[in-house]
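The following exercises are to be worked through with the structure in view. Each task is followed by a solution in steps.

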Amino acid sequence: MPERLESGSAYPLGATFDGLGVNFAVFSANADGIDLCMFDPSGRREVACMPLPECTDEVWHGYLPDARPGMLYGFRAHGRYAPEEGHRFNPNKLLLDPYAKQLSGQIRWTDALHGYRVGSPRGDLSFDRRDSAPAMPKCVVVANNFDWGEDRRPNIPWSETVIYEAHVKGLTQLMEAVRPRERGTYAALCNPKVIAYLQRLGITTLELLPIQGFVQDRFLQEKQLTNYWGYNSLSFFAPEMRYMGDGDANDLRFAIRRLHAAGIEVILDVVYNHTAEGSELGQTLSFRGLDNATYYRLQADNPRYCVNDTGTGNTLNVSRTRVMQMVVDSLRYWAESFHVDGFRFDLGVTLGRTGNGEFKPSAAFFQALRQDPVLGRLKLISEPWDIGPGGYQLGNHPPGFAEWNDKFRDSTRRFWRGDAGIRDEFAARLSGSGDIFDRRARRPWASVNYVASHDGQPLADVTAYEQRHNEANGEDNRDGHSENFACNWGAEGPTDDPAITATRERVRRSMMMTVLASLGTPMLLAGDEFGRTQRGNNNAYAQDNEISWLDWSQAASDAGRSLTAFVRRLILIRKHYPLVRSSHFLYGEEVAPGIRDMDWFDERGHALSPEDWQNPEGKALIMRRTRLLPDGSYEAILMLMNGSQYPLEFTLPEPDGSRRLLVDSADQGIGERDLTETTIMVQDRGAILIHATGTVA
């Protein structure tokens with residue numbers, strides 16, 4: 001070990017192996033000095049601690065000759081401990097490198113992780129002198145030598161995209177086709193049986209819940225629970241170790257390469273709105289100790305306290321140049337080193353807030369991504385809300401971004417539940433939510449349409465539980481959404497009543513048809529295609545068990561196979577008929593005499609008048625999309641929907657032409673047939689999809 005580090009370079013940030021040694025560079029605008037601490041292979045013993053000798057453009061850097069990949073390290077930052085001014089430097093606390101590509105070990109919760117003395121009368125104004133290194137994970141120097149060969153991104157057009165939201169562990173933990181030691185890991189994602197299942201289902205894009213390094217929260221461990229979802233980031237560059245099993249990060253790369261070869265994209269759910277350090281009373285693990293006043297948004301009139309627009313205690317200050325650089329560098333690392341195809345941004349509104357906290361579509365973060373030659377070509381999806389002022393921003397993101405459309409989710413659930421006065425709202429969602437998204441040349445794909453996601457009830461529970469049943473979370477059933485717009489159809493939870501079961505199954509199929517036949521980008525929650533349940537838990541963030549894992553024996557049941565076949569059929573229809581997935585908004589423009597590109601009718605086949613739209617008891621609807629073909633004929637897709645409690649006879653609107661029933665939510669056989677009659681019975685809570693062709697008069 002040399003007596004001191006060489007000067008090294010301020011770029012790139014993080015630990016970089018060049019074949020002869022390792023360069024270390026870390027940003028801090030307010031530190032007086034930063035030390036590099038090195039540890040033995042076990043991570044238990046600190047073998048050396050040396051100051052980074054140079055600071056260039058607020059980046060502290062140094063070079064360690066002969067250092068190699070596998071070396072364990074961390075930082076200690078010197079500076080003022082003045083919480084009332086926003087500074088919380090404490091060199092007794094070992095800090096993770098924000099750019100660390102791999103972590104070793106887990107956090108061992110102890111009060112020594114705090115920069116202040118927990119329990120002191122002075123609170124966070126006090127100063128803790130205990131060394132936190134024994135309780136901290138360590139950063140690992142890595143060198144990426146993975147051979148991607150001829151890997152090519154599938155580049156699925158947005159209008160053809162079908163997203164499948166899944167959890168790395170939950171997807172395969174109970175899948176018998178996967179070897180026991182690989183279940184719930186990155187390696188399982190490239191199992192041929194897993195990939196074959198996704199291909200047969202027809203999805204194009206696998207969206208994974210967070211896999212960036214995250215913490216197991218202390219309060220959850222004290223309740224014998226775990227952070228299952230992973231929305232509490234500790235490291236923005238390092239893959240979560242829990243999913244590595246006996247392997248390493250290359251298992252994830254290999255899985256993505258295999259999925260690409262099968263024509264399937266991979267999108268990551270990422271959490272850049274906050275970190276795992278919590279509020280001003282939280283631990284000092286990395287960012288807080290390196291430069292609290294830069295990394296976090298602090299209250300302008302009292303910088304001792306964090307701004308909490310995320311509900312987690314802190315808010316990352318992406319309006320700061322170096323913080324935004326870290327986030328963009330992280331995204332580019334996942335895109336280039338792991339070949340991911342896009343990102344879904346948790347609480348995306350937070351990332352669009354300016355220095356004063358106001359959300360703006362022109363925020364620097366959005367602009368940086370849109371102009372980036374790598375990131376600007378990927379799929380970018382935002383969760384368009386947070387809990388800060390003006391936090392609901394559905395439809396207000398810039399071009400290039402898609403957004404989770406919770407209005408679609410809620411109106412779909414309410415229509416099929418039979419709520420009054422929802423027909424006009426429901427129709428707007430079916431047609432791509434142009435009232436929300438048709439601005440600045442955005443397309444229908446900007447609306448991510450879903451009826452269930454990880455955050456809430458799965459589809460089966462929407463039809464089986466009207467109340468939340470979150471007792472397993474240990475919060476006295478007070479957590480999770482109180483309003484799910486759900487209906488149990490006569491019994492809370494499991495039932496042997498055949499009439500209730502039949503209604504539930506029909507409603508599930510009708511909702512699936514709604515998602516997959518609407519304009520926009522459909523997203524399915526993993527397991528919904530075979531009726532997965534969370535036993536009424538609508539906030540399973542801490543349930544790393546059978547409540548959250550996909551039960552593949554259920555997929556093999558008669559009901560599971562039937563629903564899966566139905567969903568597969570819907571996806572095939574969406575792929576085959578361009579009208580189902582129109583890439584442009586349709587507003588009822590005339591394409592032929594008496595025929596418009598989008599038409600709406602009631603069950604009598606009559607065009608809906610303004611008065612009809614306002615009828616609160618109107619619960620039947622026919623949607624027809626039409627286009628002219630090159631030979632002068634027309635093609636149409638009709639969706640007949642009966643949200644009432646009684647079967648209704650629908651009269652098909654003129655012109656007659658040739659019609660073929662594609663799928664009926666009341667028919668488990670999912671058989672097609674030609675229609676010669678002009679009327680058809682639609683079961684209560686049922687939906688039918690019809691293809692029609694004809695000549696223009």
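A disulfide is taken here as a pair of cysteine sulfur atoms within 2.5 Å. The model is a predicted one, in which local features need pLDDT of at least 70 and side-chain atom pairs count only at pLDDT 80 or more, while totals for chains, interfaces and linings use all residues. Residues are numbered from 1 along each chain as its sequence is written, and side-chain values use heavy atoms, with hydrogens and water left out.

**Exercise 1.** Determine how many disulfides the count comes to, and examine Cys-139.

*Solution.* Under the sulfur criterion, the count comes to zero disulfides. Cys-139 is accordingly in no disulfide, and the nearest cysteine sulfur, belonging to Cys-37, lies 11 Å away. Next, consider burial, where buried means under 20% relative accessible area, exposed over 50%, and partly exposed in between (1.4 Å probe, protein chains only). Cys-139 counts as buried because its relative accessibility is 0%; Cys-37 also counts as buried, at 0%.

**Exercise 2.** Identify which residues touch the most other members of the largest nonpolar core.

*Solution.* A nonpolar core is a set of buried Ala, Val, Leu, Ile, Met, Phe, Trp, Tyr and Cys residues joined through side-chain atoms within 4.5 Å. The largest such core has 172 residues, and Tyr-164, Phe-343 and Phe-345 touch the most other members. Its largest share, nine residues, is supplied by helix α6 (residues 321–337); helices (H or I, at least four residues) and strands (E, at least two) are DSSP runs numbered from the N terminus. Apart from this core lies another, of 18 residues, including Phe-601 and Leu-675.

**Exercise 3.** Describe how α6 packs against helix α8 (residues 364–371).

*Solution.* First, the geometry: the angle is about 35° and the axes are 11 Å apart. Axes are lines fitted to C-alpha atoms, for helices over the stretch in contact, and angles run from 0 to 180 degrees between N-to-C directions. Second, the contact (heavy atoms within 4.5 Å): α6 contributes Met-324, Val-327, Val-328 and Leu-331, and α8 contributes Ala-364, Phe-365, Ala-368 and Leu-369.
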